[in-house]
Amino acid sequence: MIVSVASGKGGTGKTTISINIALSIGNLKFIDTDVEEPNAHIFLKPDFQETHKVETLYPEIDYNKCTFCGECAKACAFNALAVANKKVLVFKELCHGCGLCSYVCPEKAIAEIGRHVGIVRHGKALRGIDFWDGLLNLGEATPVPTIKELKRYALKDYNKERDLVLIDSPPGTSCPVIESIRDSDYAILVTEPTPYGLADLKLMVEVIRDFKIPFGVVINKANLGDRGIYTYLQDENIELIGEIPFDKKGAELYSKGIPLYDVDGFKEGFENIIRKVEDLGRK
Ligand code: SF4
Ligand code: SF4
């Protein structure tokens, strides 16, 4: 079963929830897909044994064939090409490697060349966790190819009946999140009981519903804030699968890189979330 942990914005405690669920359960596969700012490794302490280079394709123009017709630039949805003054300008960092320009070129003047954009890392972490994450090279416009490769490596021997996989998604509701959560059997949406938390949760719920992924909500810092989220969940008939209270001692430990799961009373809360998810996934 693949379970994604996502949130409509950063700072809701999404990674806190993911790593503590992982540590409470142990012996699962954990994939940190926030390749722009991976931080789960700080808490799960993997011993990285394996790295893979991630490459994406970008167009190279053969000027012996190019007629400067501009069809390639017209087709590119990412503005990665421009044709001017008998030149085809390629903005590599904007290129998503989709290959459309080479497909539409009437002169077959475009070859696709590999370019290094990031890495994928793998190792054994605390509590027998099979840990995977990725690192995007600085200056790259899109993390999507690195997330795709990370998932391809991490899930190559995945068996739905046998494996529990936890994916820590990047924050937000754009392409990297969608790449991260697609193919999930369930999504845990993490939010906080504040008006901002509610607004971002609503956006995330729209995305998840579009993808028809079953989901439930975990409210972090549940003892702070207001009741707006609870009313929304009730009105929308959305399952509340967990509440994690704010705890001063827990926050202090967390700021030192010590996870919450072995603080009195928390372990059970995190275990209950994933048990509930597994039960919901079997329905
Ligand atoms: S589509 Fe092909 S021929 Fe036309 S400008 Fe682009 S590379 Fe040149
Ligand atoms: S490969 Fe796709 S994104 Fe890259 S330049 Fe060509 S059309 Fe644009």
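Ala, Val, Leu, Ile, Met, Phe, Trp, Tyr, Cys and Pro count as nonpolar, Asp, Glu, Lys and Arg as charged, and the others, Gly among them, as polar. The legends below describe a predicted model.

**Figure 1. The shell around ligand 1 in the predicted model.** Ligand 1 is surrounded by 14 residues. The closest of these are Cys66, Cys69, Glu71, Cys72 and Cys105. Sorted by class, the shell around ligand 1 holds 10 nonpolar, 2 polar and 2 charged residues.

**Figure 2. The shell around ligand 2.** Here 14 residues surround the ligand, and Cys76, Ala80, Cys95, Cys98 and Cys101 are the closest. The shell around ligand 2 divides into 11 nonpolar residues, 3 polar residues and no charged ones. Strand S3, residues 47-61, supplies at least two residues of this shell, and so does helix H4, residues 100-104.

Figure 3. The chain has 283 residues, and buried residues make up 41% of them. Its secondary structure consists of 10 helices and 11 strands. Along the principal axes, the C-alpha trace spans about 70 × 45 × 35 Å. Of the contacts between residues at least 6 apart in sequence, 74% join residues at least 24 apart. Domain 1 puts 7 residues into the contact between them, and domain 2 puts in 6 residues. On the side of domain 1 that touches domain 2, there are 3 nonpolar, 3 polar and 1 charged residues.

**Figure 4. The largest nonpolar core and another core apart from it.** The largest nonpolar core has 58 residues. Those with the most contacts inside this core are Ala22, Phe30, Leu44, Leu166, Ile188, Leu189 and Val218. Ala22 touches Leu28, Phe30, Leu44, Ile129 and Leu166, when residues up to four places away in sequence are not counted. Another core, of 13 residues, lies apart from the largest one. Among the residues of that other core are Cys72, Cys105, Ala109 and Ile110. Cys72 and Cys105 are also listed with the residues closest to ligand 1.

**Figure 5. Val277 in helix H10.** Helix H10 covers residues 266-282, and Val277 is found in this helix. Is Val277 buried or exposed? Val277 counts as buried because 27 C-beta neighbours lie inside 10 Å, and 20 or more are required for that class. Leaving aside neighbours within four places in sequence, Val277 is in contact with Val3, Tyr186, Ile188, Gly216 and Ile241. One of these, Ile188, is also listed with the residues that have the most contacts inside the largest nonpolar core. Val277 and Leu150 are 127 residues apart along the chain, and their C-alpha atoms are separated by 24 Å.

**Figure 6. The hairpin of strands S4 and S5.** Strand S4 covers residues 81-84, and strand S5 covers residues 87-90. The two strands pair in the antiparallel sense over 4 bridges. Ala82 has Leu89, in S5, as its bridge partner. The hairpin has 2 residues between its strands. Asn85, in the turn, has a positive phi of about 50°.

Figure 7. Asn79 counts as exposed because 10 C-beta neighbours lie inside 10 Å, and exposed residues have 12 or fewer.

**Figure 8. Arg127 in the loop between strands S6 and S7.** Strand S6 covers residues 110-124 and strand S7 covers residues 130-136, with Arg127 in the loop between them. The phi of Arg127 is near 55°, a positive value in a residue other than glycine. Arg127 is partly exposed, with 14 other C-beta atoms within 10 Å.

**Figure 9. Asn39 in the loop between strand S2 and helix H2.** Where is Asn39 placed? Asn39 sits in the loop between strand S2, residues 29-32, and helix H2, residues 40-44. With 14 other C-beta atoms within 10 Å, Asn39 is partly exposed. Asn39 and Ile219 are 180 residues apart in sequence, and C-alpha to C-alpha they are 21 Å apart in space.

Key: Residues are numbered from 1 along each chain as its sequence is written. Chains are lettered from A and ligands numbered from 1 in the order in which they are written. This is a predicted model: local features need pLDDT of at least 70, side-chain atom pairs count only at pLDDT 80 or more; totals for chains, interfaces and linings use all residues. Two residues are in contact if their C-beta atoms, placed from the backbone, lie within 7 Å. A residue is near a molecule or strand if its C-beta atom, placed from the backbone, lies within 6 Å of it. A nonpolar core is a set of buried Ala, Val, Leu, Ile, Met, Phe, Trp, Tyr and Cys residues joined through C-beta atoms within 7 Å. Two strands pair if DSSP finds at least two bridges between them.
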